[in-house]
Amino acid sequence: MKILVTGAKGFVGKNLCAALKNVAEGKDRRFPELKIEQVLEYDLDSTAEELDAWCRECGFVFNLAGVNRPKEQSEFMVGNFGFASTLLDTLKKHGNRCPVMLSSSIQATLAGRFGTSEYGKSKKAGEELFFEYSRETGAKVLVYRFPNLFGKWCRPNYNSAVATFCNAFANDLPYTVNDPSVELELLYIDDLVDEMICALLGKEHHCEFDGVETVMKEDGRYCAAPITHKVTLGEIVELLKSFVEQPKTLMIPEIPAGSFAKKLYSTYLSYLPASKVAFPLKMNVDDRGSFTELVHTLNAGQVSINISKPGITKGQHWHNTKFEQFIVVKGHGLIQQRNLNDPEGKVLEWEVSGDKIQAVHMLPGYTHNIINLSETEDLVTVMYCNEVFDPGRPDTFFEVVK
């Protein structure tokens, strides 16, 4: 199948085209039933001849083209209604009744604060044009009313508050929040692209609207991505403040799977300038080697890297509650542990090597060490600890293993 994407160089278009190409080239294997021959990318620099040829050849159309920040209000109707007319007329000219998706806007509800929106009126007119086209030709039409969108490659200071805030925090720019309590309904670009692929497969999600509220409904006239997030401006700003601090605190934010925080963090990172992509870590260096904390987490401890010089023994301590995992990734070493409550003083030993990576638990109540057995090579160990080190309560007590 050849897929036509209009507005291919816009925010949604760039993300959608990249995803479709991944499927076409076999890089994304989640959709084995989807066979994409070519992605036809139409934008402002494309020609009328290209549009004509592609409308003849395509098997599905994503119409993402539109105007949302014109110089004159009248341009809304020309850009959003006028191009839609040209597209549908060209499809009719070639008798191509392939499915057509339309990217509309929640403003097309003309409800609440959108009641006088010229942009909303132009989008509403485009919707009705598509529904009439479906009635006339029998072609399948999928009309999506997008809420606020966010994600990588979104243009800041344009039509996305999230992109504007992410760019400001990432680049130390000023920002303004007039009312932190204002709530936005946000749709993440990857969730939207997943829904677009569902539409390609004939598995789109349908809905109706109660004012500006989306109501999922199997036989709904409209379509919608099923996953959105309702978040206040104040919540967005507070999350971004915590993201900015991560290189200083090493604290990875709480970003559960599917959460808004996870999606916002990825979006924020996409706006970092080159000067902030890499940041230094504090290496604690002595004549034995070095110890460097890599990341902290709020609820799951920390990860560090330990380097021991040849012949060096480190550790020789035990913990009450704290537990660790030692993972040697380079070199040749020996890990020893002894249960302090064992009257026989039996020492447990594990020979470890970067040639055969394994994780070894450091058990509570066991004094433990790690010895570099090499005479020439450093021993490099990734160390996980279930809690971030607290100097006020270190739970670490010196005790030689043997």
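In this predicted model, helix α5 crosses helix α7 in a right-handed sense. Helix α7 spans residues 233-249, and the axes of α5 and α7 lie 10 Å apart at an angle of about 30°. Because angles under 35 degrees count as roughly parallel, α5 is described as roughly parallel to α7. On the α5 side, the residues that meet α7 are V162, F165, C166 and F169. Their partners in α7 are L233, I236, V237, L240, K241 and V244. Sorted by class, the contact of α5 with α7 contains nine nonpolar residues, no polar residues and one charged residue.

Helix α5, residues 161-170, also meets helix α8, residues 260-269. The axes of α5 and α8 come within 9 Å and cross at roughly 60°. That angle makes α5 oblique to α8, and the crossing of this pair is right-handed. From α5, the contact draws on V162, C166, F169 and A170; from α8, it draws on L264, T267 and Y268. Six of the residues in the contact of α5 with α8 are nonpolar and one is polar, while none is charged.

The remaining pairing described here is that of α7 with α8. Their axes are 10 Å apart and the packing angle is about 55°, which means that α7 is oblique to α8. Helix α7 passes α8 in a right-handed crossing. In α7, the residues I236, L239, L240, F243, V244 and Q246 take part, and they meet F260, A261, L264, Y265 and Y268 of α8. By class, ten residues of the contact of α7 with α8 are nonpolar, one is polar and none is charged.

| Helix pair | Axis separation | Angle |
|---|---|---|
| α5 and α7 | 10 Å | about 30° |
| α5 and α8 | within 9 Å | roughly 60° |
| α7 and α8 | 10 Å | about 55° |

A separate feature of the model is its second largest pocket, which has a volume of about 610 Å³. The pocket is lined by 26 residues, of which F291, H317, E324, M383 and T396 are the closest to its centre. Strands β13 (283-286), β14 (289-297), β15 (301-308), β16 (313-318), β17 (324-330), β21 (366-372) and β22 (379-385) each supply at least two residues of the lining. Strand β14 gives the most, with four residues. The lining of this pocket comprises eight nonpolar, eleven polar and seven charged residues.

Conventions:
Residues are numbered from 1 along each chain as its sequence is written. This is a predicted model: local features need pLDDT of at least 70, side-chain atom pairs count only at pLDDT 80 or more; totals for chains, interfaces and linings use all residues. Side-chain values use heavy atoms; hydrogens and water are left out. Axes are lines fitted to C-alpha atoms, for helices over the stretch in contact, and angles run from 0 to 180 degrees between N-to-C directions. Angles under 35 degrees count as roughly parallel, over 145 as roughly antiparallel, 65 to 115 as roughly perpendicular and the rest as oblique. A crossing is left-handed if the near helix is turned anticlockwise from the far one by less than a right angle, and right-handed if clockwise. Contact means heavy atoms within 4.5 Å. Ala, Val, Leu, Ile, Met, Phe, Trp, Tyr, Cys and Pro count as nonpolar, Asp, Glu, Lys and Arg as charged, and the others, Gly among them, as polar. On a 1 Å grid over the protein atoms alone, a cavity is a set of points where a 1.4 Å probe fits but cannot get out, and a pocket is an open set with protein on both sides within 12 Å along at least five of seven lines; lining residues have an atom within 4 Å of a point. Grid points are joined across faces, edges and corners, and a volume is the space filled by probe spheres set on the points.
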